Amino acid sequence: MDQAVGHQVSCGLLVRAGRVLLVHRSPTKPSHPNVWDLPGGHRQPGESGRQALVRELREELNVAISPPAGSAVHTRRDGGLFVEVWRIDDWDGDVVNAAPDEHDEIAWFSVDEANTLDLADRDYPALFARMLP
């Protein structure tokens, strides 16, 4: 990973029955408040993107996943930010909002429904269209 990147973020695109799980970022969040986003978060020092994703989904949604194989389905570098998105089709546990201080709501959306929302990333509509039937 490029040392010039200040923030490295790993996100999960959880898919079930043609719908994607999105989390609504709390209006009190200093970065990207009050928008819909994919669950995930910043890597900790020494942590790989896959390891961060496993940890973040456990912390935010109370689900267990195996580290994803292959490559991320989407990456974006924007100044000092590097974001990678991994598609997740299987997990253990029921998805719940285990981080209510970070997200005030979580919900499943079809591609059409998701595209009507105020999304955290301009690349999400194209990603949803590519990844969901």
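Q: Which helix do Tyr124 and Phe128 lie in?
A: This is a predicted model. Tyr124 and Phe128 both lie in helix H3, residues 124-131. They are four residues apart, about one turn of the helix.

Q: How are their rings arranged, stacked or edge-to-face?
A: Tyr124 and Phe128 are stacked. The centres are 5.6 Å apart, with 25 degrees between the planes. Tyr124 is buried, and Phe128 is too.

Q: How many aromatic pairs are there in the structure?
A: Three. One of them is Trp36 with Phe109: the planes sit at 80 degrees, so that pair is edge-to-face. Their centres are 5.0 Å apart.

Q: Where do Trp36 and Phe109 lie?
A: Trp36 is in strand S3 and Phe109 is in strand S7, so the pair ties together parts 73 residues apart in sequence. Both Trp36 and Phe109 are buried.

Q: OK, charges now. How many salt bridges does a search of the whole structure find?
A: It finds 10. Among them, Arg55 meets Glu56 at 3.0 Å, N to O. Arg55 also meets Glu59, at 3.2 Å.

Q: Which residues are linked in a network of salt bridges?
A: Glu47, Arg55, Glu56 and Glu59.

Q: Why are Glu59 and Arg55 about one helical turn apart?
A: Because they are four residues apart in helix H1, residues 49-61.

Q: Is Arg55 buried or exposed?
A: Buried, with a relative accessible area of 9%. Glu59 has 38%, so it counts as partly exposed.

Note on methods:
Residues are numbered from 1 along each chain as its sequence is written. This is a predicted model: local features need pLDDT of at least 70, side-chain atom pairs count only at pLDDT 80 or more; totals for chains, interfaces and linings use all residues. Side-chain values use heavy atoms; hydrogens and water are left out. Rings of Phe, Tyr and Trp (its six-membered ring) pair if their centres lie within 6.5 Å; planes under 30 degrees apart count as stacked, over 60 as edge-to-face and the rest as tilted. Helices (H or I, at least four residues) and strands (E, at least two) are DSSP runs, numbered from the N terminus. Buried means under 20% relative accessible area, exposed over 50%, partly exposed in between (1.4 Å probe, protein chains only). A salt bridge is a side-chain nitrogen of Lys or Arg within 4 Å of a carboxyl oxygen of Asp or Glu.
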